[in-house]
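Here are a few notes to read alongside the model.

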Amino acid sequence: MAEKPSVVIIGGLGYIGRFLALYIHQNELASEVRIVDKVLPQLAWLAPEFEEACAGPKFMQADASREQALARIFDRPDGKEWDYVFNCGGETLYSQEDEVYKVRSFGLSLALGREAAKRGIKCFVELSTGMVYKPDSSPSKEQDKLKPWSKIAVFKLQAEEELAKIEGLNLVIVRLAHVYGPYASQWVATALSMARVYKALESEMKWLWTKDLRTNTVHIDDVTRALWAIVDWYVSGRPKWDDKTMGKVPTFNVVDKGATAQGTVADIIGQIFGIETGFQGQLISTFAKLNLDSVVDDVNDELLGPWSELLADAGITRPGPLTPFMEKELLKDTDLSMDGSRLEEVVGFDYEKPKISRGLIEEVIESYKRMKWWP
């Protein structure tokens with residue numbers, strides 16, 4: 001029996017990092033795991049089931065974007081090198097200054113990639129986003145045209161390109177759709193928090209653009225399984241990979257098979273909350289396109305007050321990461337539409353949660369209730 005691989009997860013307390021750590025822990029996949037994050041576990045809103053996988057001796061507080069932290073992050077007491085490094089770090093907040101993404105995403109990826117190459121790490125996984133693709137009528141495959149449409153994606157794509165140039169780096173790039181699941185604090189969380197306010201106000205939840213705007217999704221459980229399947233595949237010789245037709249750096253979309261669109265999510269939310277959901281139609285959407293800032297400000301003004309009241313009424317003093325605050329970068333009428341078939345064909349991966357459903361979204365809300373985040 002060969003020794004199990006040793007693993008470093010950078011940004012290990014972030015949403016994907018913590019679930020990856022939990023997956024490795026529950027399935028006893030690694031001989032040793034190091035969780036690196038600049039936030040302390042006590043401040044990371046960790047649910048109890050993550051304690052053992054993410055905190056204690058496995059955890060190291062460090063800012064991996066700082067050159068001087070790298071030796072401490074990568075050095076091991078026995079002098080051996082780590083086998084796998086997953087970069088789940090980087091700035092995840094929208095609408096930050098360019099400089100923030102440059103340092104916290106682009107700079108972080110490059111510093112880690114260079115160090116991993118220098119040390120001969122067997123596989124370095126860079127997490128990226130499906131927002132790097134130029135939207136098209138058909139779902140984007142890994143080699144389709146690129147035209148990033150969020151700031152996060154602009155700097156993620158730069159990181160992908162620069163990492164690919166590092167000599168000797170055993171690199172894999174993984175581009176993700178909207179990730180959702182228990183404790184999710186982004187995309188789906190915003191929609192659910194908004195719906196909760198509209199239910200309280202007894203008013204219709206109206207979405208911009210159309211029901212056909214694609215907002216592809218993937219469940220966190222499939223993401224963690226996919227990440228592990230990809231490193232296994234990489235170190236076993238990258239079967240079925242052809243540099244000539246597929247490119248030198250293995251790149252995979254991770255996206256479920258449900259072709260999730262705004263209409264899908266609106267229907268599920270309508271059923272769960274018992275509210276009317278609809279779409280603003282062409283006229284208002286055209287106005288919104290020209291005046292996005294003021295439209296977003298109006299929606300946020302309308303929702304943030306009632307949300308605070310709901311929290312107060314429920315006696316919630318530490319509301320966790322949930323908020324109905326709408327980021328304008330996420331309100332663009334741009335399709336996030338990806339084709340995930342390469343992962344299935346080349347790696348032999350199977351999605352266990354192939355499409356978003358009412359049941360899976362109800363699980364998300366239940367997880368918020370367990371954490372006492374949900375009014």
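1. R342 and E142 form a salt bridge, with their closest N and O atoms 3.9 Å apart; the term covers a side-chain nitrogen of Lys or Arg within 4 Å of a carboxyl oxygen of Asp or Glu. The pair links distant parts of the chain, 200 residues apart: R342 lies in helix α12 (residues 341–347) and E142 in the loop between β5 (123–129) and α5 (151–164). R342 is buried at a relative accessible area of 10%, and E142 is buried at 9%. Here buried means under 20% relative accessible area, exposed over 50%, and partly exposed in between (1.4 Å probe, protein chains only).

2. A word on the basis: this is a predicted model, where local features need pLDDT of at least 70, side-chain atom pairs count only at pLDDT 80 or more, and totals for chains, interfaces and linings use all residues. Residues are numbered from 1 along each chain as its sequence is written, and side-chain values use heavy atoms, with hydrogens and water left out.

3. The count of salt bridges comes to 22. K211 and D212 meet in one of 4.0 Å, N to O, and both of these residues are exposed. R238 and D243 are joined at 3.0 Å, N to O, where D243 counts as partly exposed at 38% relative accessibility.

4. Do also look at the network of salt bridges that links D75, E81, E115, K118 and R119.

5. Turning to I269, and leaving aside neighbours within four places in sequence, its contacts (heavy atoms within 4.5 Å) include A191, L192, M205 and W207.

Terms used:
Helices (H or I, at least four residues) and strands (E, at least two) are DSSP runs, numbered from the N terminus.
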